[in-house]
Amino acid sequence: MIVIITGASHTGKTLLAQKMLEKYKYPYLSIDHLKMGLIRSGNTDLAPEDDEALTKYLWPIVREMIKTAIENKQNLIVEGGYVPFDWRSDFSEKYLRSIHFICLAMTDKYIDDHFDEIKKYSNAIECRLYGESFSIDELKVANRAYIEGCEKYGEHVTLIEKDYKQTINVLLD
């Protein structure tokens, strides 16, 4: 089984991947780690803030890693924001049967009610070297973009509306 976890920044993708690793003992691939390895090694001139270009650059690599894991009958959690909304078009039905997709996004109301808490937990699993500063409006725009992008391609979005921990726990069951 391949689990793809994507969504807007600060929605808890890495936290969910870590909890799944602990519960199911599936290894996980952080697309952010791959990104930083390629940037720091000089294999790309892209910068950490070049989200659209990074998606085009990273997704073909990640996609083929997913296919390889499926072909080898291996479990893998793939976590990160660089998954295109039309990701399904890159896989045949044979591969899709082995992929579970999760997209996390917060509602505007949740962001309004919990902004200080979101900022507090922004480094809960990994230390963010880039983009530490973000506004409530930027967070809302990013989350709306994920909601709209997933809806456009018929993907389910797990909305974080009231209770973050309960929402994540439902995904773990």
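Predicted model: local features only at pLDDT ≥ 70, side-chain atom pairs only at ≥ 80, totals over all residues.
Five strands form an open sheet in the order E2-E3-E1-E4-E5, and their pairing is parallel. Strand E2 (28-30) and strand E5 (158-160) stand at the edges, each with a single partner strand, so one side of each is left without a neighbour in the sheet. From one strand to the next, the twist averages 20°.

The pairings can be followed strand by strand. E1 pairs with E3 in the parallel sense over 4 bridges, and in this pairing Ile4 stands opposite Val78 in E3. E1 also pairs with E4 in the parallel sense, over 6 bridges, and here Gly7 stands opposite Leu104 in E4. Strand E4 (residues 99-106) pairs in turn with E5, in the parallel sense over 3 bridges, with Ala105 opposite Leu159 in E5.

Helices pack on this sheet. Helix H2 (residues 31-40) touches E2 and strand E3 (76-79), and its direction makes about 50° with that of E2. Helix H6 (residues 136-152) lies across strand E1 (2-7), E4 and E5, and runs at about 140° to E4.

Why might nonpolar residues be found together in the interior? In soluble globular proteins, nonpolar side chains tend to be buried together. The largest nonpolar core of this model has 31 residues, of which Ile2, Ile4, Ile66 and Trp87 touch the most other members. The elements that give two or more residues to this core are E1, H2, helix H3 (51-71), E3, helix H4 (93-96), E4 and H6. The largest share, 7 residues, comes from H3.

Phe101 has its place in strand E4, and at 12% relative accessibility it counts as buried, because buried means under 20% relative accessible area. Phe101 and Ile4 are 97 residues apart along the chain, yet their C-alpha atoms are separated by 4.8 Å. Not counting residues up to four places away in sequence, Phe101 touches Ile4, Thr6, Val83, Trp87, Arg88, Cys150, Glu155 and His156.

Helix H1 shows how a helix can present one side to the interior. H1 (residues 13-24) has 12 residues and reaches 16 Å from its first C-alpha to its last, close to the 16 Å expected at 1.5 Å a residue. Which residues of H1 are buried? They are Lys13, Thr14, Leu16, Ala17 and Met20. Seen down the axis of H1, the buried residues fall within an arc of 160°, so they line one face of the helix. What covers the buried residues of H1 includes E1, E2, E3, E4 and helix H7 (164-172).

Most residues other than glycine have a negative phi. Lys25, which follows H1, has a positive phi of about 65° although it is not a glycine. Lys25 is found in the loop between H1 and E2, and is exposed, with a relative accessible area of 64%. Lys73 also has a positive phi, near 55°, and is a residue other than glycine. Its place is in the loop between H3 and E3, and Lys73 is exposed, with a relative accessible area of 75%.

Terms used. Residues numbered from 1 in each chain as written. Heavy atoms only, no water. Pairing = 2+ DSSP bridges. Axes fitted to C-alpha atoms, helices over the stretch in contact; angles between N-to-C directions. Contact = heavy atoms within 4.5 Å. Core = buried A, V, L, I, M, F, W, Y, C linked by side-chain atoms within 4.5 Å. Buried < 20%, exposed > 50% of the residue type's maximum accessible area, 1.4 Å probe, protein only. Expected span 1.5 Å × (residues − 1). Arc of directions from axis to C-beta.
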